Amino acid sequence: MRRVLLRVFFVVALPAVLLVAWWFASDGSTDIYWPPLRTILTTFPDVWTGERLREDVLPSLLRLSAGYACAAVAGVALGTVIGSYRRVRAACEPVLEFLRAVPPPVLVPVIMLFAGIGDTMKIAVIAIGCVWPILLNTVEGVRAVDSVMSETARSYGITGTARLRHVVLRSASPQIFAGLRQALSIGIILMVISEMTASSNGIGFTIVQFQRTFAIPDMWTGILVLGLLGFLLSVVFQLVERRVLGWYHGQRDASRRSS
């Protein structure tokens, strides 16, 4: 119980300190672009009603989920193939480095030419931006599979799909989840950027509309929504990671206790 309380304290302490600092730093502010925090918090429930959550937050989450899922499937699948075969990796590496260096927001106008300005464009932008950390971490994770483990599996007749699932992907899963974690934050950023261009709903669209109409406190509430959304998605991701990688964390904790 004490350990749980300590973890909760460390999670809550820094955000609480930052909010208190923000409260006092902005208290009495007359700058239109820097409203007091109490004004932002008072405005929050009036802006983010149930209707706005359905019309703006839900579509954003659906686009993020679709783009992120596409990136995860493509990144893990391609990364496994590239990481498993040395010749394929040597042939693809220059192209991957070139494409990775292109910032995804730059591709928004290009994608709009082919996919239009609807949800397809936004999902494509998110997927293209999220796929690189997943792909590259998967490649490195597959490359790092213990050769002794691979030979042992082969000697016991574990080949094909069984070897891929129980040896390769299991050994590479910590690295894959590291890429998935990086891709999640990138996906949130690209979700907002894609909605700021030729959109009619979404969190990014709403924040831009508030900014253009000089509803500055409302704009700040949108920024708070993005922060809360990122925090909640991070918590969900950690729960999933803990469940999937329970064997890995248990093994690491055991090695720490033994040392």
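**A helix pair up close**

Reply: Happy to! In this predicted model, α7 and α8 are roughly antiparallel to each other, because the angle between them is over 145 degrees. That angle is about 170 degrees, and the axes of the two helices lie 11 Å apart. Helix α7 covers residues 147-155, while α8 takes in residues 160-195.

Who makes the contact? On the α7 side there are Met149, Ser150, Ala153 and Arg154, and these meet Arg163, Val167 and Ser171 of α8. An α-helix has 3.6 residues a turn, so residues three or four places apart point the same way. That is a handy idea to keep in mind as you look at the spacing of the contact residues.

Now for the surroundings. The protein chain has 11 helices and 0 strands, and its C-alpha trace spans about 75 × 55 × 30 Å along the principal axes.

Elsewhere in the chain, helix α4 (residues 86-100) reaches 20 Å from its first C-alpha to its last, close to the 21 Å expected for its 15 residues. This helix has a kink of about 40 degrees at cysteine 92, shortly before proline 94.

The whole structure also holds 6 salt bridges. In one of them, the side chains of aspartate 27 and arginine 38 meet at 2.1 Å, N to O. Aspartate 27 sits in the loop between α1 and α2 and arginine 38 in helix α2, so this pair ties together parts that are 11 residues apart in sequence.

Notes. Residues are numbered from 1 along each chain as its sequence is written. This is a predicted model: local features need pLDDT of at least 70, side-chain atom pairs count only at pLDDT 80 or more; totals for chains, interfaces and linings use all residues. Side-chain values use heavy atoms; hydrogens and water are left out. Axes are lines fitted to C-alpha atoms, for helices over the stretch in contact, and angles run from 0 to 180 degrees between N-to-C directions. Helices (H or I, at least four residues) and strands (E, at least two) are DSSP runs, numbered from the N terminus. Angles under 35 degrees count as roughly parallel, over 145 as roughly antiparallel, 65 to 115 as roughly perpendicular and the rest as oblique. Contact means heavy atoms within 4.5 Å. The expected span of a helix is 1.5 Å times one less than its number of residues. The bend at a residue is the angle between axes fitted to the seven residues ending there and the seven starting there. A salt bridge is a side-chain nitrogen of Lys or Arg within 4 Å of a carboxyl oxygen of Asp or Glu.
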